[in-house]
Every structure is written in C-alpha cells, then in structure tokens.
Amino acid sequence: MSNNNNINNNNNKPLEFNRETSKFRNWVRVGSDRFPPEANRYHLYANYGCPWVNRVLIVRNLKGLQDVISISITEPRLYEREGWPFNPDFDEFTTDDAVNHAKNIPEIYRLSDATYQGRFSVPVLWDKKNSVIVNNESSEIIRMLNSEFNQFAKNPQLDLVPSDLQVEIDRINELVYENVNNGVYKCGFSPSQEGYDIAFDKLFNTLDELEERLDTNRYLVGDRFTEADVRLFPTLIRFDAAYYVVFKCNLKRIQDYPNLFNYLKELYQMPALQSTINFKHIKNGYYKSKPSLNPTLIVAKGPSTDVLLEPHNRDSKLPIKK
C-alpha cells in the first residue's frame, strides 16, 4: 500500500498513522523472462483476518485460479515477535507451510531476502521455482490475477478492470483506499487525538458519499461489478464486527446505511466472496493482535452475522439492464 503523508504538529510529532510501503514489487506478466505466468508455480501466503488478503482471495476465486495458485493460511492472531504463525491445529481452516516449511511469515521474508528490514505483512505471492517473494502489495497482486493468468483461469472472460471503466475504477479506488480501507486504520492506530478526529471525519464523510452513490448505482462503477467493489467489500464486511469497536469507528454501523448495507448483503451473498469470509478469524485477528487496543484480549460475541443472509433490495431498487 502507498504511504500516506504524515500530518505533523508544531512539535514535529506525527499526528496521523502512516502505513509503510510494500517492498516487494515485481510482477508476473505474460512474456516475462523472470516471472512468467505458470500453473502451480506461484503460492499465496494468506490470512482470513486481513482485509488486504481478502481482496486477493476474492479475485483468485472469481477468476477460477484455486487450482493454479496454491495457498497457505496462517493463524489469525498477529504475535509481536513471531508475526503470523502457521498453526494447523488452530482450526480446520489454518494450514502449515507446505512449500517452505516455515514456522511463521517473518521466516518467509528472510528466506527471500536475508537482509530484509520492514513489516512482515500478508498477502505474499511466492515463486516456488526461484524461492523468492514476487510481490507483497495486494493492489498489484489482484491486477496480476485479473489479467496475467487467463490461459489457466476457469473464468478468463471475467475482467474486473475493463479498459472503458479503468479511469473511474482508479479514481474510486484512491478515494476508498485513503479514507475507508486505510481510513479505519488511521482511526485505530492514530498517535494523536487530532489525527484520529481527522481520519474519523474523512471516513464517515466518504461513507456518506458512497451511500449517496449507491442510491443510483448498482455497484460503485455503474451496473458492472468491478475491482472497485472487490476492494471496498473487505472493509465493509469487517466494519461492524471489528472496526466499529476496536478502531473506535463508532459514528454509525454499516447496518445504519440503507444503500451500503443492502449492497454489502448482495456482495456477501455471492459465493466467491462469502467463501473468503471467516468471522472467527476476523474477530480473533483484531481483538487479540493488539493489546494496546484491547488489553484484556476478550473477543466480542456480537454482532450477529445472520442479517447478512437476509434478502437485499438491490435487484428491485436498481435492476441491471440487459
């Protein structure tokens, strides 16, 4: 993810959370000598709690690449010293690392680059042939999965970034990333009251803008489901269960926005999206990973997620023209 500029006070102390830029930025491309697309060559290190991973899992599902790009799932809790561990005993959804037999995500980074200094984040796209990390930037990984593996995909005809919509998709992505996807983190990890207040206002102003947009648009960019929707969904689905409480994003719940909530229900009820959501992992990830935000590490029991399966109104409100 791109860095955000710090807002500083007169004492030159940061007021706003600043996300570190992803360091591994190579691309799998058709025609590439170093990283050409191949079946069963690339491996994804993932975590069901993480929203940045979530977007990658969604595109992998939508394109039908589950048998092309293998996957390992870490435990949801982030530990201060060992990062995300591989623990197949946590539950039936977590795995070991069958590729490198690493104990945790930091080991994967050091296998790729013994001198690496930086955050040990997920997702990680790993090249099994060369034993290196290709990329750890989710926004770039989803573009690769969308366009560079079509010869192996079950749904090669699906294009989440059609050329006639790309300018608008990129504009929406930037707005949503700055104020919503990363905006919740700016609230939760703000080092100052002023920084929190700024991020909080931007977050809810943008949610209001999206609510209005979805009053006349079936999806974020008209009648077509695109990458913009893929990128907004992971934040919306985590909002009421985690961000509202843990990150103090508590002006409104997503349930309190009629258009956003019905839109969220429609997206959640898509099998390719719903299968990427594990609320147990999401809650454990947010409630147990940062003692500074939740000292007792008690995981909230609510809210009920059954409402997400209730009928939505998007078909009747904004039928797609055929």
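**The sheet and what lies around it**

Modeller: We begin with an open sheet of 4 strands, in the order β2-β1-β3-β4, with mixed pairing. Its edge strands are β2 (70-73) and β4 (132-135), and each of them pairs on one side only. On average, neighbouring strands here are turned by 35° against each other, direction ignored.

Now the ground rules. This is a predicted model, where local features need pLDDT of at least 70 and side-chain atom pairs count only at pLDDT 80 or more, while totals for chains, interfaces and linings use all residues. Residues are numbered from 1 along each chain as its sequence is written, and side-chain values use heavy atoms, with hydrogens and water left out.

Next, the terms. Strands (E, at least two residues) and helices (H or I, at least four) are DSSP runs, numbered from the N terminus. Two strands pair if DSSP finds at least two bridges between them. Strands of a sheet pair through backbone hydrogen bonds, either parallel or antiparallel.

Look at one pairing. Strand β1 (residues 42-46) and strand β3 (residues 124-127) run antiparallel, joined by 4 bridges. L44 stands opposite L125 in β3.

Helix α2 (residues 105-112) lies across β1, β3 and β4. It runs at about 45° to β3. Axes are lines fitted to C-alpha atoms, for helices over the stretch in contact. Angles run from 0 to 180 degrees between N-to-C directions. Contact means heavy atoms within 4.5 Å.

Now turn to another helix, α1 (residues 51-63), which holds I58. Is I58 buried or exposed? I58 is buried, with a relative accessible area of 0%. Buried means under 20% relative accessible area, exposed means over 50%, and partly exposed lies in between (1.4 Å probe, protein chains only).

Which residues does I58 touch? Leaving aside residues up to four places away in sequence, I58 touches V230, F233, P234, A272, L273 and T276. I58 and I142 are 84 residues apart along the chain, and their C-alpha atoms are separated by 8.9 Å.

One last stop: a charge over a ring. That label applies if NZ of Lys or CZ of Arg is within 6 Å of the ring centre and within 35 degrees of the ring normal. The charged end of R19 sits over the ring of Y185, 4.7 Å from its centre. Y185 is buried, with a relative accessible area of 9%. K252 lies over the face of Y257, at 4.7 Å from the ring centre.
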